[in-house]
Amino acid sequence: MPYEMFDPNRLHIEPLAQREHLQSLEEMYRLDEPFEMLDNPNIQTIAKDILAARKRNASVILTMGAHVIKYGLSRFIIDLMQNGWVTHVATNGAGPIHDYEMAMIGKTSESVPNYIRKGQFGMWKETGELNRAAVIGAEQGIGLGEAIGGLIEKEKFPHRDVSVFASGFRLRVPVTVHVCIGQDIIHQHPNFDAAATGLCSYRDFLIFANSVCNLEGGVFLNFGSAVMGPEVYLKALSMARNVAYQESRQISDFTTAVFDLIPITGEFHDEPPKTDPRYYYRPWKTILVRTVADGGQSYYVQGHHKDTVRTLWRRLRDLS
């Protein structure tokens, strides 16, 4: 006998116009806006490795947490794709929510402490309409990211020019979504189709794995994703290396870089012991150590996304 389940049809969903938004289009960073660059020589080296990777037609994959979009850096991610410096963008299930809302109304983000009190957190009608993309994707045989980008582009959202997903759709650069069901606000809604979402996100994982197959001589970047980025990358790399080994090839000589807020002092090319709590910080042991142990190189850059993303972008522009 199955356990009793919550009925989402009982939920009261409010229009998005009733929400107090924390971020707006006016607060998004512009490409021509002056800023103070990070004084970190590793960023220059990473930028050179990216340009070298693109000359040899190798993958440059960028994984990121949703905060990169939420905090107004979409224009820089889009420009990285437009210039051909990044060949694949991957994010978690929250990424497209902020992208979708910003493209639709020019605003995003809500106060969790405020709206959770009465159970209104995430209960916004228009945001829930993003669930349509999974159904469209399932029917069309495409991944979730492509379905989201196509929806924003084809329905001509007023601010689609700042949408990472719509830009990926236009540029034919894969922007993939790696979903953990139950983790995102649109999963609360009665129109959420778990089967369609799972299917489309799995397709995105296979698209991601295909990009990793071309990582030899390439670059893997991770901005602020503590779990999704390193874990999806780890499994995809194992798959890619499995096939490469059968074909007498190697995927070992590439660059990885982690950009995050956590301070890492001293040597980061060896993972901490299990007695050290930092052992469980996946970007360190997975991206910086284990997956480049056979010939690659890795870098860690501490800083806020507004500084790290823009500094890397500027270095690429200066070197090009």
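A search of the whole structure turns up 0 disulfides, a disulfide being a pair of cysteine sulfur atoms within 2.5 Å. Cys 180 takes part in no disulfide, and the nearest cysteine sulfur, that of Cys 200, lies 17 Å away. Cys 200 is likewise in no disulfide, with the sulfur of Cys 180 as its nearest cysteine sulfur at 17 Å. Cys 180 is partly exposed, at 39% relative accessibility, while Cys 200 is buried, with a relative accessible area of 0%. Here buried stands for under 20% relative accessible area, exposed for over 50%, and partly exposed for anything in between, using a 1.4 Å probe and protein chains only.

A word on how to read these values. This is a predicted model, in which local features need pLDDT of at least 70 and side-chain atom pairs count only at pLDDT 80 or more, whereas totals for chains, interfaces and linings use all residues. Residues are numbered from 1 along each chain as its sequence is written, and side-chain values use heavy atoms, with hydrogens and water left out.

Let us turn to the charged side chains. Side chains of opposite charge can pair when their charged atoms come close. The structure holds 14 salt bridges, each defined as a side-chain nitrogen of Lys or Arg within 4 Å of a carboxyl oxygen of Asp or Glu.

Helices (H or I, at least four residues) and strands (E, at least two) are DSSP runs, numbered from the N terminus. Glu 101 is buried, with a relative accessible area of 1%, and Arg 19 is buried too, at 5%.

Next, follow the chain to helices H8 and H9. Arg 170 and Glu 153 meet through their side chains in a salt bridge, 2.7 Å from N to O. Because Arg 170 lies in helix H9 (residues 164–171) and Glu 153 in helix H8 (residues 144–154), the pair ties together parts that are 17 residues apart in sequence. Arg 170 is partly exposed, at 38% relative accessibility, whereas Glu 153 is buried, with a relative accessible area of 19%.

Another salt bridge joins Asp 276 and Arg 278, with their closest N and O atoms 2.8 Å apart. Of these two partners, Asp 276 is buried, with a relative accessible area of 16%, and Arg 278 is partly exposed, at 36% relative accessibility. Some salt bridges also share partners, and in this way Arg 19, Glu 101 and Glu 110 are joined into one network.

Finally, have a look at the backbone on either side of helix H9. Most residues other than glycine have a negative phi, and most peptide bonds are trans. Lys 156, in the loop between H8 and H9, has a positive phi, near 55°. Lys 156 is also exposed, with a relative accessible area of 57%. Arg 172 has its place in the loop between H9 and strand E5 (175–178), and its phi is positive as well, near 60°. With a relative accessible area of 54%, Arg 172 is exposed.
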